[in-house]
Amino acid sequence: MPIGLTPHIIEIDAGVDLLSILFEFARSRGRSIRILSGTGVVADVTLQQPNRRFVSVLGMFDLLSIHGTIIPMSRMECLGVLQITLSDPWGDEDDVIRGSVISPLLAYSPMRVTVVSFSNDAF
């Protein structure tokens, strides 16, 4: 098993829950992952805002940024939080929404996510 950081590009099909794919990726390899970036369009998102309020936004949104860490705790469980920034593709460029993702995070278009994996011992 690699000891250092190993880069990966994960491709996600439209209609798939992005969080499920990322958590399964970490769990199946027994390695933590750090999400660095992603591209694509997501739909119907629920976020927890910094003030601890939950906000659900319906429709399609461009993924401007995504980052976070997922740590496999066992073969069945992972711990992780992902932060995202979204914009409405038909709205004002300055109109963005940010927060912690509450599952599911549905890919509306094919998506690519760049991550690095690392041994839990390094964490």
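A: Start with a charge and a ring. The model is predicted, and in it the charged end of Arg29 sits over the ring of Phe25, at 3.7 Å from the ring centre.

Q: How many aromatic pairs does the structure hold?
A: A pair of aromatic rings is described by the distance of the centres and the angle of the planes. Here there is nothing to describe in that way, as the structure holds zero aromatic pairs.

Q: In what order do the elements of the protein chain run?
A: Read from the N terminus, the order is β-α-β-β-β-β-β-β-β. That gives one helix and eight strands.

Q: Which strands pair with E8?
A: Strand E1 (residues 6–12) is joined to E8 by seven bridges, and the two run antiparallel. One of the pairings is Ile12 with Met111. Strand E2 (residues 32–39) also pairs with E8 in the antiparallel sense, over seven bridges. There, Ser32 stands opposite Phe118.

Q: Why is E8 described as largely enclosed?
A: Six of the eight residues of strand E8 (residues 111–118) are buried, so the rest of the structure largely encloses this strand. For the whole protein chain, buried residues make up 40% of the 123 residues.

Q: Which residues of the largest nonpolar core touch the most other members?
A: The general idea is that in soluble globular proteins, nonpolar side chains tend to be buried together. In this model the largest nonpolar core has 29 residues, and Leu22, Ile35, Ile70, Leu82 and Ile84 touch the most other members. Elements giving two or more residues to this core include E1, helix H1 (18–29), E2 and strand E4 (54–72). H1 gives the most, with six residues.

Q: What is Ile35 in contact with, leaving aside its neighbours within four places in sequence?
A: Among its contacts are Leu22, Ile70 and Leu82, as well as Val113, Thr114 and Val115. In the protein chain, residues 24 or more positions apart account for 69% of the contacts with a separation of 6 or more.

Q: Is Val41 buried or exposed?
A: Val41 counts as buried because its relative accessibility is 18%, and the cut-off for buried is under 20%. Val41 belongs to strand E3 (residues 41–48). Not counting residues up to four places away in sequence, Val41 touches Met60, Phe61 and Met111, among others.

Q: Is Ser87 buried or exposed?
A: Ser87 is buried, with 11% relative accessibility. This residue lies in strand E5 (residues 78–87). Beyond four places in sequence, Ser87 touches Phe61, Asp62, Leu64, Asp95 and Val96.

Q: Which residues have a positive phi although they are not glycine?
A: Most residues other than glycine have a negative phi, and most peptide bonds are trans. Asp44 has a positive phi, near 50°. Asp44 is found in strand E3 and is partly exposed, with a relative accessible area of 43%. Arg52 has a positive phi of about 75°. Arg52 is in the loop between E3 and E4 and is exposed, with a relative accessible area of 62%.

Q: Where is a cis peptide bond found?
A: The cis bond joins Ser103 and Pro104, with omega about 0°. Pro104 lies in the loop between E6 and strand E7 (106–107).

Conventions
Residues numbered from 1 in each chain as written. Predicted model: local features only at pLDDT ≥ 70, side-chain atom pairs only at ≥ 80, totals over all residues. Heavy atoms only, no water. Helix = DSSP H or I, 4+ residues; strand = E, 2+ residues; numbered from the N terminus. Buried < 20%, exposed > 50% of the residue type's maximum accessible area, 1.4 Å probe, protein only. Contact = heavy atoms within 4.5 Å. Phe/Tyr/Trp six-rings, centres within 6.5 Å; stacked < 30°, edge-to-face > 60°. Lys NZ or Arg CZ within 6 Å of the ring centre and 35° of its normal. Pairing = 2+ DSSP bridges. Core = buried A, V, L, I, M, F, W, Y, C linked by side-chain atoms within 4.5 Å.
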